[in-house]
Amino acid sequence: MHAGLKISAFAAALAATFGTAYGVGKGIDPVVTESAPASHESHEESPDGDGDAGGGGGSHTPGGLQISEGGYTLDLKTPSVVAGQRAELRFAVRDASGRAVTAYRREHEKELHLIVASRDLVTYRHLHPTRAADGTWSIPVELPRAGGYRVFADFTPAKKGVENLTLGADLAASGSYAPQRLPAPNPTAETDGYEVELSGGLRPGGESEVKLTVSRDGRPVTDLQPYLGAYGHLVALRSGDLAYLHVHPNGEPGDGKTASGPGISFTATAPSKGAYRLFLDFKHEGQVHTAAFTVRTGAEAGTHADEGGHGH
């Protein structure tokens, strides 16, 4: 397990050219953008003030920290965009010989899942780009705020013996930069008129159950619709270095035992102690919604609710 990476002084200096804006490009999945008090802390520390997020508890390097792994490399052809302006995000996954990969295994109904998250974990997007015949992936994107972002490509090459990989690369959105604190832990998030309640927590170096319960207007939602082969998808990112956690849903639609709400259950393993940001995508009445939470390992999500702020 490598120690958590810190945002470099170079990145902090580069941030001086960044600016604030908001926009949504056509053909992308839900966006979570939140307002939080500006942080006056140095970027040499993690956004939540815990410093290095990579202390003990894990046995291997988490996903998303490396641009190359297992003989594959994420080639981000669009390393920078202008905040608030629509741009085409383009990239390829290259094998050890430098050739763009053109054959993937489908997982959760897609060949590749693309996550874009701001370094302060306030902005998040789960995207599904289109792959051209030459292996180049692309999707229009418009990032709402200036600053540093991390792009994660989650995929499995269609090659025998190769397991799922998550590669990460840095993306800059130029403009006038205003850093924000990580939202404080809160067991309840509101999104698009829905209320999502979080129970359970993350445990460093071991599996734990995380359950999210969806309601609307005070009534449990019992008719969630399948989205990418599940009733919900959960992405967890570690504050500080944005380590990417693979979180697996427990059960699937049509298996005869998994209900279509209100509860959605996941099993997750945190690689280390620290603060994490959880993003839940769920579908109801034909629309996909995203709820976001801040949690700390080794504690129930609601324990630190008195720190102020909300999860979404």
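Author: T73 stands opposite R94 in β5. The model is a predicted one, in which local features need pLDDT of at least 70, side-chain atom pairs count only at pLDDT 80 or more, and totals for chains, interfaces and linings use all residues. Residues are numbered from 1 along each chain as its sequence is written, and side-chain values use heavy atoms, with hydrogens and water left out.

Strand β3 (residues 72-76) and strand β5 (residues 87-94) are antiparallel and share four bridges. Strands here are DSSP runs of E with at least two residues, helices are runs of H or I with at least four, and both are numbered from the N terminus. Two strands count as paired if DSSP finds at least two bridges between them.

β3 and β5 belong to an open sheet of five strands, ordered β2-β3-β5-β9-β8, with antiparallel pairing. β2 (68-69) and β8 (130-131) are at the edges; each has a single partner strand, so one side of each lacks a neighbour in the sheet.

L89 is among the residues that touch the most other members of the largest nonpolar core, which has 29 residues; L112, L114, V116, L143, F155 and L171 are the others. A nonpolar core is a set of buried Ala, Val, Leu, Ile, Met, Phe, Trp, Tyr and Cys residues joined through side-chain atoms within 4.5 Å. Buried means under 20% relative accessible area, exposed over 50%, and partly exposed in between, with a 1.4 Å probe and protein chains only. Two or more residues of this core come from each of β3, β5, β6 (112-118), β9 (136-141), β10 (147-155) and β11 (165-174). β11 gives the largest share, five residues.

Leaving aside neighbours within four places in sequence, L89 has contacts (heavy atoms within 4.5 Å) with L76, T78, L114, V116, W137, S138, I139, V141 and L171. I139 also has its C-alpha atom 8.0 Å from that of L127, 12 residues away along the chain. L127 lies in strand β7 (residues 124-127) and counts as buried because its relative accessibility is 0%.

Of its 312 residues, 50% are buried. Among contacts with a separation of 6 or more, 72% join residues 24 or more positions apart.
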